[in-house]
Amino acid sequence: FVQCVIGRFCCLIQFGKKLRRDIERVIESKKLDMYSEVVGVLFDFQQFLIEGNKLTQDKVLFYRRDFFNDYKIKLLLWGSDEASIQYLKLLEIWSSEKTISQNSEENMPFARAFLGAHADLVVAMRRDLGNKSKKID
C-alpha cells in the first residue's frame, strides 16, 4: 500500500513539473512575440528620428495614439517588472514631445532621450528572455 501511495505521489510530482515547464514555454513564446513586435516598431521610429523621412505623420500619430497604449497592456500582462518599468519610462519620454518634426535636427534632443530609453528597454527584454548582458554591445 505504501509503495502504491509513494508511486502515485511521484507520478503527481512529475506531472506537476511537466505542467510547469509547459506553462513556462507558453509564457516564453508570448514574451518573445510581444517583445519582437515592439522592438520592430521602435526601430522603425528610430529610423524616422534619425533620418527624418521614413514614417509619415499619420503613422507617428497611430503609434502615439494606438499602438503604444495598447502595447502597454500586453507588456504589463506578459513582461517582466523591469521591462514594464523601462517601457513606462519610454512612454513618459514619448508623451513629453508634443510634435515630432520631419527635420531630423529638430528631433535630436528628443531622439537622444528616446533612443536611450529604447536601449534600456531592449536590455530589460533581453534579460527577461535569459540574456545576462547589462548593455548592448
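**Getting to know the helices**

Let's start inside helix α2, where the buried residues are V60, Y63, F67, F68, Y71 and L75. Keep in mind that this is a predicted model. The protein has 4 helices and 0 strands, so its pattern along the sequence is simply α-α-α-α.

**The overall picture**

- Of the protein's 137 residues, 31% count as buried.
- Take the contacts with a separation of 6 or more: 67% of them are between residues 24 or more positions apart.

**Helix α2**

- Helix α2 covers residues 57–78, and its 22 residues should span 32 Å at 1.5 Å a residue; the end C-alpha atoms sit 30 Å apart, which agrees.
- There's a bend in α2 of about 40 degrees at Y63, and Y63 is also one of the helix's buried residues.

- H118 belongs to α4, which runs over residues 108–128.
- H118 counts as buried because its relative accessibility is 3%, under the 20% cut-off.
- Setting aside neighbours within four places in sequence, H118 is in contact with L42, F43, Q46 and L90.
- Just after α4 comes G130, with a positive phi of about 110 degrees.

**A look at E92**

- E92 is in helix α3, residues 81–96.
- With a relative accessible area of 58%, E92 is exposed.
- From C-alpha to C-alpha, E92 and A117 are 9.8 Å apart in space, and they are 25 residues apart in sequence.

**Salt bridges**

- How many salt bridges does a search of the whole structure find? The search turns up 6.
- K31 and D128 form a salt bridge, their closest N and O atoms being 2.9 Å apart. This pair links distant parts of the chain, with K31 in helix α1 and D128 in helix α4, 97 residues apart.
- Are K31 and D128 buried or exposed? K31 counts as buried at 12% relative accessibility, and D128 is buried too, with a relative accessible area of 18%.
- R127 and E82 also meet through their side chains in a salt bridge, 2.1 Å from N to O. Again distant parts of the chain are linked: R127 is in helix α4 and E82 in helix α3, 45 residues apart.
- R127 is partly exposed, with a relative accessible area of 27%, and E82 counts as partly exposed at 31%.
- R20 pairs with E24 in a salt bridge whose closest N and O atoms are 3.2 Å apart. Both lie in helix α1, 4 residues apart, or about one turn of the helix.
- R20 counts as exposed at 58% relative accessibility, whereas E24 is partly exposed at 42%.
- K18, D22 and R25 are linked in a network of salt bridges.

- F9, L12, I13, F15, L19, I23 and I27 make a nonpolar surface patch of about 660 Å².
- One of them, F15, is found in helix α1, residues 2–51.
- F15 counts as exposed because its relative accessibility is 53%, over the 50% cut-off.

Note on methods. Residues numbered from 1 in each chain as written. Predicted model: local features only at pLDDT ≥ 70, side-chain atom pairs only at ≥ 80, totals over all residues. Heavy atoms only, no water. Patch = residues over 30% accessible without salt bridge, like charges linked within 9 Å, V, L, I, M, F, W, Y side chains within 5 Å. Areas by Shrake-Rupley, 256 points an atom, 1.4 Å probe, with all protein chains shown as cover. Salt bridge = Lys/Arg side-chain N within 4 Å of Asp/Glu carboxyl O. Helix = DSSP H or I, 4+ residues; strand = E, 2+ residues; numbered from the N terminus. Buried < 20%, exposed > 50% of the residue type's maximum accessible area, 1.4 Å probe, protein only. Contact = heavy atoms within 4.5 Å. Expected span 1.5 Å × (residues − 1). Bend = angle between axes of the 7 residues up to and from the residue.
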